[in-house]
Each structure stands twice: as C-alpha cells, then as structure tokens.
Amino acid sequence: MGRVTQRRKVHKFVLDGSAQALEHPVRYREDFLAVEEPLEVRLGHMSFSVTMRTPGDDFDLVAGFLVSEGVIWDPAQLISLRFCAGEDENGLQTFNVVEAQLRPDVVLPETGRNVYTSSSCGICGTDSIEAVRKSSHFNPADDPLSVPVELLASLPDRLREAQAVFDKTGGVHAAGLFRIHDDRAGGAAELLCLREDVGRHNAVDKVVGWALREGMLPLRGTVLQVSGRASFELVQKAALAGIPVLAAVSAPSSLAVELAQETGLTLVGFSRGTSLNVYAGSDRVAVASRDL
C-alpha cells in the first residue's frame, strides 16, 4: 500500500493465562501502522492550510477541503492541482505540498486565518463557530430522497467490508458515499466512493473532492456513511456538498444535530445493523408497513 501503511517491530504482551502465554509472555512481531504525514495546501503561491493526513488521494483531499471551506463548489473553478517540490533528509520527494490553481474570479479566503487541522480535528484554528457556518450553494432540504430503514442500517457493514487499510492497520477512519436506488423492492445502495484516513474529516474531504472532480456536485440522492462519530464539521461538509443524509456508527454532537436541523439534512447516529437513531430529518427514513 505504499506510503499508506508502514511496518514496525512491536513487543506483544500476552496476558490470557494460557500455557503458551506463561512460557512466552512477550512476543516479537511485525505490525502495520497507518501513515500520518503533514500536507500543506497552497492556493497559487499562498499557503492556506496544513493538515495531518494519510497519504493517498491527496488531490481529492485538497479539492474536498476547498469545497468544505466554501471556496469552490464547481469543478470549473479548479483549474489544476499539482505536487510542489519538497524533499526529505534523504533527498526523496515527499509529495507533502499540493498547489491548487483556481479560476481568477474565485474569491480567495482570508490569508491571515492560519488554518491548521490535526488528524482528529478539522476546524482547529477557526476564529469562531460562526465563521464555520457557511452558506452553501446547495440545499439538502430540497432533496426528496427516501431511504428504507433496513437499507440504511445495512450501510455500516457495507462500509466495513470495503475498508482495506483498516483491515491491515486497525487505525483509520472511513467515509463511503452510497447512491440510493428505489427501482427495486426495499431499494438498493450503490457504493460510489470509499476513502480511508487517520482523520475522519480527511476521509470525508477525499470523498467530496472525488465527487467534485467527477462533476457530481450536488450529491443528491446519496447517503454519506462514516465509521466514527458525527461532529459539527462532518455535517458542515455534507451540507456544503449537497448530501441529504449523513449516517455514523457512533454519536453526534449537539451542534451537529443543530446544524443538520438548520440545513435540512438527515442525521443518523449509532447505526449498527440492528438499530439506529435519527436525530434530524426523520421524514427521509422510510419504514415498511406491516399488516397487523
């Protein structure tokens, strides 16, 4: 998997009380880790952001980040993406700086904002929550999508089955974009794109950036399934991409629910196969009628 994973020697302590563990309590083995490296985003020659991410699909990451920041929303606004020169101590290209060339009429963001995002937080460095409440060019509230509840509950397993990097490392988040088709009984979900990253917000940006570059925004009729919790920033990213449904396997935050209600987005949490909670937009979740 190239720079996505890295091998490391580890000491494994086994404490299960078995005869083998008592004889050999410490074992030496090789483990695979998810790589985490910085990526600098430049707009022309202006440094705009630095994020910690898992290398791979970096152009999608940058494109999605610019959508999430409200800078662009149409692929025609993004003229080009390229890696800038940068070498490590061994003289090897790092591929850790991406320059985006935008159309001349695109309004550039504030240059003094110093956006820095770690792999666990995507909005660190913003001056206030109000600065993140951007007006979207798409309106999820207008999307008439209806998703059968059984289909919605099946998506976490579909996501997990496609997580190749997680299988190897156990250390990345995932975001999967599903197109919902209602042309058969119970509906069907088509996995359009899946991305993995040490940062949950990066995984979502990579999905959104892929969709932008494919000319698919707004993402009407889709569900974004994520492997972790549903934070304010993930709801923001989904809404700005025109995604009508965001589902997470863990809990949402209070602010995430508030933003979902404001934007008309359906927000699902604790989706784990046999049950799920709908925190906003429950009218999109369809329950099959049963004769009593």
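Axes here are lines fitted to C-alpha atoms, for helices over the stretch in contact, and angles between N-to-C directions run from 0 to 180 degrees. The model shown is predicted, so that local features need pLDDT of at least 70 and side-chain atom pairs count only at pLDDT 80 or more, while totals for chains, interfaces and linings use all residues. Residues are numbered from 1 along each chain as its sequence is written, and side-chain values use heavy atoms, with hydrogens and water left out.

**View 1. Packing of helix α6 against helix α7.** Helix α6 (residues 232–240) and helix α7 (residues 254–263) pack at an angle of about 20°, their axes being 8 Å apart; helices (H or I, at least four residues) and strands (E, at least two) are DSSP runs numbered from the N terminus. The two helices are therefore roughly parallel to each other, a term for angles under 35 degrees. In contact (heavy atoms within 4.5 Å) are F232, V235, Q236 and A239 of α6 with L255, A256, L259, A260 and T263 of α7.

**View 2. The largest nonpolar core.** A nonpolar core is a set of buried Ala, Val, Leu, Ile, Met, Phe, Trp, Tyr and Cys residues joined through side-chain atoms within 4.5 Å, where buried means under 20% relative accessible area with a 1.4 Å probe and protein chains only. The largest such core has 51 residues, of which L66, I72, L102, L224, L246 and L267 touch the most other members. Helix α5 (residues 200–213) gives the most to this core, with seven residues.

View 3. L224 lies in strand β11 (residues 222–226) and, at 0% relative accessibility, counts as buried. Although L224 and G176 are 48 residues apart along the chain, their C-alpha atoms are separated by 5.8 Å. Not counting residues up to four places away in sequence, L224 touches A175, G176, L177, V204, V207, A238, I243, V245, L246 and A247. With neighbours up to four places away likewise left out, L246 touches L224, V226, A230, L234, V235, L265, T266, L267 and V268.

**View 4. The kink in helix α3.** Helix α3 (residues 149–161) has a kink of about 30° at L155, shortly before the proline P156; the bend at a residue is the angle between axes fitted to the seven residues ending there and the seven starting there. The buried residues of α3 are L151, L152, A153, L155, P156 and L159.

How values were computed: Buried < 20%, exposed > 50% of the residue type's maximum accessible area, 1.4 Å probe, protein only. Parallel < 35°, antiparallel > 145°, perpendicular 65-115°, else oblique.
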